[in-house]
Amino acid sequence: MTPLALETKGSVLVVGATSPIARAAAAEFARQGYAVILAARDKDELDRIAADLRIRSRVEVTLLPYDADLKGSGTRLAEIALELEPPLIGAVWVVGDLGDQDRAQEDVTHAKAIVRRNFTGVIDVFTPIANAFEARGAGFLIAVGSVAGDRGRAKNYVYGAAKAALHAFMSGMRQRLDRKGVRVRVVKPGFVDTAMTFAMGPLPLLASPDKVGQAVARAATGKKDEIYTPGPWRWIMLIIRHLPERVFKKTNI
Ligand SMILES: NC(=O)c1ccc[n+]([C@@H]2O[C@H](COP(=O)([O-])OP(=O)(O)OC[C@H]3O[C@@H](n4cnc5c(N)ncnc54)[C@H](OP(=O)(O)O)[C@@H]3O)[C@@H](O)[C@H]2O)c1
């Protein structure tokens, strides 16, 4: 597959930049010569990541605060990112929280926090950026979703529902913006070796955050709209999605 050429070297905003997946994606964008804007809530960790990036790639690294739980934080982040130089050419949403499914079944506030951190938060950040990219006729938006969003499962359906909403939001924006020159991509990892899966025991097809981060960066120039990583998850989820409900509800998948 021939990758599309990016129009200009601009800035790429990475939201949720303290995730190891985001770190790997940011490193790849920086290696390609893009200035990177890293947004997260842990300032000390952001400083460490930025110092490392500056040594390795010598690109401009800007740090911005972002907390999905703070009202107005996403809107402010988008406003500032759109004013920075070099101009914003891409935005990547990596923020996510698996949460605690058992707690979410008792505590609606926790369930809503999971939805905000995986889905509604992105609306504040991506809506103004999408509009700016549409007006400019260029840019890319990438969201890290999850195979968990492909079918609601008893083990994590609040998280899964939020990811499903994220996928649908991106799909709708893709249909709206693709014809305007804006690429909209979703990366759906399976299990990744990060804090999120720590203590889950042995997991099938466990991917390294570096591999997933590179897939995220590649999504900006590749032609695939939805990327499963590692690839076999596409076929696993195809089967899981097509299991009839009367069969699925009796399984412990
Ligand atoms: N690990 C997996 O197996 C797996 C599988 C499929 C999809 N994913 C997705 O991959 C993405 C990255 O996850 P990860 O595995 O790298 O786990 P992670 O290290 O826990 O990363 C989650 C990221 O989301 C940020 N975040 C959480 N709540 C936030 C909030 N209220 N405001 C701002 N940022 C917040 C975290 O920031 P802090 O450092 O401040 O907490 C962190 O940067 C997530 O979207 C996740 O759903 C992961």
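# Notebook: a ligand and the protein around it

I began with the ligand, and the space it takes is the largest pocket. A reminder to myself before going on: this is a predicted model.

**Entry 1, the neighbours.** Which residues come nearest to the ligand? I found 27 residues around the ligand, and T18, S19, Y159, V192 and T194 come nearest among them. I then sorted the shell by residue type: 12 of its residues are nonpolar, 10 are polar and 5 are charged. I also looked up which helices take part. Helix 1 (20-31), helix 5 (108-136) and helix 6 (157-177) each give the shell at least two residues.

T194, already on my list of nearest residues, has a polar side-chain atom 2.5 Å from an oxygen atom of the ligand. In R41, an N or O atom of the side chain is 2.8 Å from a ligand oxygen. G16 takes part through its backbone, where an N or O atom lies 3.2 Å from an oxygen atom of the ligand. How much of the ligand's accessible area does the protein cover? On its own the ligand has 880 Å² of accessible area, and the protein covers 89% of that.

I stepped back and counted 9 helices and 7 strands. The radius of gyration is 18 Å, close to the 18 Å that the globule rule gives for 253 residues, so the protein is as compact as a globular protein of that length. I also noted the box that the C-alpha atoms fill, which is roughly 55 × 40 × 30 Å along the principal axes.

Where are the cis peptide bonds I noted? One joins E85 and P86, with omega at about -5 degrees. I traced P86 to the loop between helix 3 (73-83) and strand 4 (88-93). Another runs from T229 to P230, with omega near -5 degrees. P230 has its place in the loop between strand 7 (226-229) and helix 8 (233-242).

Definitions and conventions: Residues are numbered from 1 along each chain as its sequence is written. This is a predicted model: local features need pLDDT of at least 70, side-chain atom pairs count only at pLDDT 80 or more; totals for chains, interfaces and linings use all residues. Side-chain values use heavy atoms; hydrogens and water are left out. A residue is near a molecule or strand if one of its heavy atoms lies within 4 Å of it. A polar contact is a pair of N or O atoms within 3.5 Å; within protein, one must be able to donate a hydrogen and the other to accept it, and residues adjacent in sequence count only if both atoms are side-chain atoms. Accessible areas come from the Shrake-Rupley method with a 1.4 Å probe; for residues, only the protein chains shown count as cover. On a 1 Å grid over the protein atoms alone, a cavity is a set of points where a 1.4 Å probe fits but cannot get out, and a pocket is an open set with protein on both sides within 12 Å along at least five of seven lines; lining residues have an atom within 4 Å of a point. A molecule sits in a cavity or pocket if more than half of its atoms lie within 2 Å of its grid points. Helices (H or I, at least four residues) and strands (E, at least two) are DSSP runs, numbered from the N terminus. Ala, Val, Leu, Ile, Met, Phe, Trp, Tyr, Cys and Pro count as nonpolar, Asp, Glu, Lys and Arg as charged, and the others, Gly among them, as polar. The radius of gyration is taken over C-alpha atoms; the globule rule is 2.2 Å times the number of residues to the power 0.38.
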